[in-house]
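Please consult the sequence and the structure below while reading.

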Amino acid sequence: MIARRSKTAGADASEPSSDAPLERQLLPENAAIDDLGQLSVAGANVIALAEEHGTPLFIYDEAHIRSRCREARSAFDDGVAYATKAFLCKAMARLVHEEGLCLDVATGGELEVALASGVPADRLVLHGNNKSDAELARGLAAGVGRIVVDSFDEIARLGRLTEDLSPNGRRPSVLIRVTPGVEAHTHEFVRTGQEDTKFGFSVASGAAAKAVAALELMGGVELVGVHAHIGSQVFDVDSFEQAAEVIGTFAAPLGLPELVVGGGLGVAYVNGEHAPTITEWADATRAALDKVGVGAQTRVTAEPGRAIVATAGLTVYTVGSIKELPGIRTYVSVDGGMSDNPRPVLYGSGYEAFLPRATSAARPRSSRIVGKHCETGDVLVADARLPSDLKVGDFLATAVTGAYGYSMASNYNKVPRPPVVFVADGTARVVVRGETTEDLLRLDL
Ligand code: LLP
């Protein structure tokens with residue numbers, strides 16, 4: 001037994017946790033708690049970082065990210081890509097490239113940031129269910145390593161755009177994205193493998209086979225593989241196995257050199273959750289593919305995002321107000337909210353909160369942690385547990401915010417997006433600076 005379904009995967013964040021301290025597994029690999037109970041990440045004291053850079057603040061453990069990249073590289077074949085949508089900035093792109101991973105970019109914007117970071121274009125995999133002519137043309141001109149084709153309209157678009165490529169030039173390598181018809185056990189908003197989806201070509205309906213035939217006839221591109229992605233924050237290895245079976249059965253007779261099983265591996269967000277490791281996911285997938293005849297000559301890769309970066313990051317806030325409503329609940333307001341972490345309001349995702357000055361303290365006090373935005377839905381932790389001596393002015397942190405936090409951040413209510421620091425060997429560096437009032441006004445004419 002390696003997996004249990006995530007509370008955060010469904011809209012079930014209302015279950016209060018016990019007063020137990022935050023579990024160690026929810027902190028970055030190189031987090032440490034000193035004799036006073038204070039938290040450090042990779043040798044840097046979290047309170048000192050918050051004092052220096054202000055709050056809200058995203059803090060990442062660089063070595064944690066590196067070790068997840070290494071695990072992904074050794075678990076899958078060469079070509080495994082980091083899904084940049086989970087968290088992307090130039091430093092992050094360079095870091096995963098240094099670790100030998102390719103980068104999955106899902107839009108023209110992600111493509112531009114990856115290129116600006118200096119990662120060679122041939123290490124990029126261009127995704128998207130509605131790539132524009134401009135995005136495809138940019139990808140082709142830059143020389144991206146792979147394009148994952150998602151629709152018949154895109155096939156036609158690619159046909160037009162590659163017509164004029166020089167006959168001696170390298171033909172762009174493409175993969176076809178297929179939908180295996182598997183319902184992953186996760187929140188419906190992040191489920192993608194089922195038949196009723198905007199993504200990819202259905203295997204069951206025959207669309208995938210037609211797309212393969214069309215791509216094989218096209219002179220301008222080279223079809224090198226099959227791709228599928230069943231969803232995100234998936235805890236059940238069974239779902240991955242089922243999908244692998246369908247994709248493998250479809251792909252094996254095609255004899256193409258590559259098969260990409262997507263991303264989607266879940267991570268633990270709250271006490272008591274246990275996610276499979278990247279290695280367990282890879283082993284189960286490979287075994288399922290073997291069973292349906294996908295041989296060792298096929299390069300099997302994946303594109304994890306969350307599993308690489310989620311637990312490496314945490315967010316630090318400052319408590320600005322504690323409002324006790326007798327007989328109802330206590331509201332603890334912090335200086336961020338749905339603008340730096342929209343996941344609770346979007347998916348009902350659960351998080352653990354703790355005080356970095358007393359990281360392993362018991363948390364008997366029930367409260368709702370809310371942000372500073374002007375709506376009731378602006379909740380960060382619906383049923384949080386905190387130490388009893390919580391006071392205004394305390395730094396309060398939420399764990400496991402490294403994926404889909406900063407990348408989904410907004411300027412709602414004209415709240416500036418926070419800075420991001422990477423810490424390694426006791427040294428912190430700002431990799432994304434915090435926004436200023438000038439940034440908020442930059443686009444106004
Ligand atoms: N590959 C493809 C084609 C994807 O669409 C995704 C995620 C990934 C890889 C990476 O999935 P991961 O390993 O990170 O689960 N905003 C949502 C997650 C959306 C994921 C979208 N696609 C959240 O905050 O939970």
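How far does a polar side-chain atom of arginine 343 lie from an oxygen atom of the ligand? The separation is 2.5 Å. Taken alone, the ligand exposes 590 Å², and the protein buries 91% of that (accessible areas follow the Shrake-Rupley method with a 1.4 Å probe).

The model is predicted: local features require pLDDT of at least 70 and side-chain atom pairs count only at pLDDT 80 or more, whereas totals for chains, interfaces and linings use all residues. Residues are numbered from 1 along each chain as its sequence is written, and side-chain values use heavy atoms, with hydrogens and water left out.

| Residue | Protein atom | Distance to a ligand oxygen atom |
|---|---|---|
| Lysine 85 | polar side-chain atom | 3.2 Å |
| Glycine 305 | backbone N or O atom | 2.9 Å |
| Arginine 343 | polar side-chain atom | 2.5 Å |

The ligand is surrounded by 20 residues, the closest being Ser232, Gly264, Arg306, Arg343 and Tyr404 (a residue is near if one of its heavy atoms lies within 4 Å). This shell has 6 nonpolar, 8 polar and 6 charged residues, with Gly counted as polar and Tyr as nonpolar. Because domain 1 (24-60 + 311-436) and domain 2 (62-309) both give residues to the shell, the ligand lies between them.

The ligand sits in the largest pocket, as more than half of its atoms lie within 2 Å of the pocket's grid points. On a 1 Å grid over the protein atoms alone, a pocket is an open set with protein on both sides within 12 Å along at least five of seven lines, a cavity is a set of points where a 1.4 Å probe fits but cannot get out, and lining residues have an atom within 4 Å of a point. The largest pocket has a volume of about 740 Å³. Its lining comprises 33 residues, of which Lys85, Thr192, Phe199, His229 and Tyr404 lie nearest the centre.

Elsewhere, the structure holds 4 cavities of 30 Å³ or more. The second largest cavity contains about 60 Å³ of space, and residues including Phe240 and Trp281 line it.

Note on methods:
A polar contact is a pair of N or O atoms within 3.5 Å; within protein, one must be able to donate a hydrogen and the other to accept it, and residues adjacent in sequence count only if both atoms are side-chain atoms. Domain bounds come from an automatic or database domain assignment. Grid points are joined across faces, edges and corners, and a volume is the space filled by probe spheres set on the points.
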